[in-house]
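Me: I have a structure here and some questions about it. Can we go through them in turn?

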Amino acid sequence: MIRQFAMLLLAACTWGTMSLQAQKNDFFRPQQVWNDTEGNPINAHGGGILYHEGTYYWYGEYKVGKTILPSWATWECYRTDVTGVSCYSSKDLLNWKFEGVVLKAVPDDPDSDLHPSQVVERPKVIYNKKTKKFVMWIHADSPDYSKAAAGVAISDSPTGEFSYIGSFRPNNSMSRDQTLFVDDDGTAYQFSSSEENRTMHINRLTDDYTRPDGTFVRRFVDQSREAPAVFKYNNKYYMLSSGCTGWSPNEAELAVADSIMGEWTVLGNPCTGPDAEKTFYGQSTYVIPVQGKKNAYIACFDMWNKTDLANSKYIWLPIKIDQKTNTLTIPWMKQWNMDEFK
Ligand code: DGJ
């Protein structure tokens, strides 16, 4: 009898675990908790997505533990200790498998950029076809954000482990919020909020993508743009970005250029619907070109919870393209799936 009961209990537990594991996401639900394939909330903030050989990889700030406001703070520099950069993989962009922390914190070395006391934000990974290396750039900073540097790590595999090379100021300029963009000809660029976040620098990278090659331009001069996300549509370059209001939301902006280091024209706020002037309480981090679909892009935003950063959420929305006028908008949607791109 006891044995039978134990067997039943075991079967029930196994079924429970299986049903949790088998949980599938059928819709994007912006602003809602988004679970990975194991049923845990996805933990990859300020992230970027790489598509490589049929799989998407999502890299982001792995935020765990308490959010604190340092005692010396004169502004809202809420922080969590550095715990590393996480990686998730997916075939459909909806269901993500946790691949682990692929750039690990270094608790033993107080001088390391990856020491828990420092700041690691906005990781982006690109693949270099010549060197066959996966190259990660991060915003590496000190807790008061005065270091304003970029850090680089490399790996032979998309799921790591990444080895940290070190940090520097690209072209001797400050570098905070940042993203990477690889053009169709294989040339890569880092966009970074520079000059105390007032001006965006577009730094061309060396062939191995690990350093700036010395050619750069200053754009969006004195326009204070953060959170750049760059993509290419219809042979033009687009940059989605936010204003500078710390962890608090503000109005997004889309800009366009015919050539990446050429002149950029500001188009205005692409978001429409309730709270569009606050980017639906989000801040841009990446724009994903959906593979196998023409003119299909997903705008990815973080929804920061500044006093509990580890519980920040995500807002992913399809970019709507009016192909007659080439107008790009990001309308609010409570839930949606890939049928939006039909
Ligand atoms: C806004 C940036 O976009 C975030 O990545 C982070 O650096 C916060 N500022 C810090 O206040």
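Me: Before that, what kind of model is it, and how are residues numbered?

Reply: It is a predicted model, in which local features need pLDDT of at least 70 and side-chain atom pairs count only at pLDDT 80 or more, while totals for chains, interfaces and linings use all residues. Residues are numbered from 1 along each chain as its sequence is written, and side-chain values use heavy atoms, with hydrogens and water left out.

Me: OK, ligand. Which residues are around the ligand?

Reply: Trp-75, Glu-121, Arg-122, Tyr-145, Asp-177, Glu-226, Gly-246, Trp-247 and Gln-283. The criterion is a heavy atom of the residue within 4 Å of the molecule.

Me: Which side chains have an N or O atom at 2.9 Å, 2.4 Å and 3.5 Å from a ligand oxygen?

Reply: A polar contact here is a pair of N or O atoms within 3.5 Å; within protein, one must be able to donate a hydrogen and the other to accept it, and residues adjacent in sequence count only if both atoms are side-chain atoms. For Arg-122, a side-chain N or O atom is 2.9 Å from an oxygen of the ligand. The distance for Asp-177 is 2.4 Å, and for Trp-247 it is 3.5 Å.

Me: And how much of the ligand does the protein bury?

Reply: The protein buries 97% of the 300 Å² that the ligand exposes when taken alone. These areas come from the Shrake-Rupley method with a 1.4 Å probe; for residues, only the protein chains shown count as cover.

Me: Switching to charges. How many salt bridges are there?

Reply: There are 21 salt bridges, each being a side-chain nitrogen of Lys or Arg within 4 Å of a carboxyl oxygen of Asp or Glu.

Me: What does Asp-156 pair with?

Reply: Asp-156 pairs with Lys-133, at 2.7 Å from N to O. The two come from distant parts of the chain, 23 residues apart: Asp-156 is in the loop between strand 7 (149–155) and strand 8 (163–168), and Lys-133 is in strand 6 (residues 133–141). Strands (E, at least two residues) and helices (H or I, at least four) are DSSP runs, numbered from the N terminus.

Me: Is Asp-156 buried or exposed?

Reply: Asp-156 is exposed, with 58% relative accessible area, whereas Lys-133 is partly exposed at 29%. Buried means under 20%, exposed over 50%, and partly exposed in between (1.4 Å probe, protein chains only).

Me: Which residues form a network of salt bridges?

Reply: Asp-141, Arg-176 and Glu-196 are linked that way. Separately, Lys-97 and Glu-99 meet in a salt bridge at 3.6 Å, N to O.

Me: How many bridges does each pair have?

Reply: Strands 13 and 14 have 6 bridges, strands 14 and 15 have 5, and strands 15 and 16 have 4. Val-256 in strand 15 is the bridge partner of Tyr-238, and Val-266 in strand 16 is the partner of Ala-255. A hairpin of 6 residues joins strand 15 to strand 16.

Me: Why is strand 15 described as largely enclosed?

Reply: Because 5 of the 5 residues of strand 15 (residues 253–257) are buried. Glu-253, Ala-255 and Ala-257 point one way, and Leu-254 and Val-256 the other.

Conventions. Two strands pair if DSSP finds at least two bridges between them.
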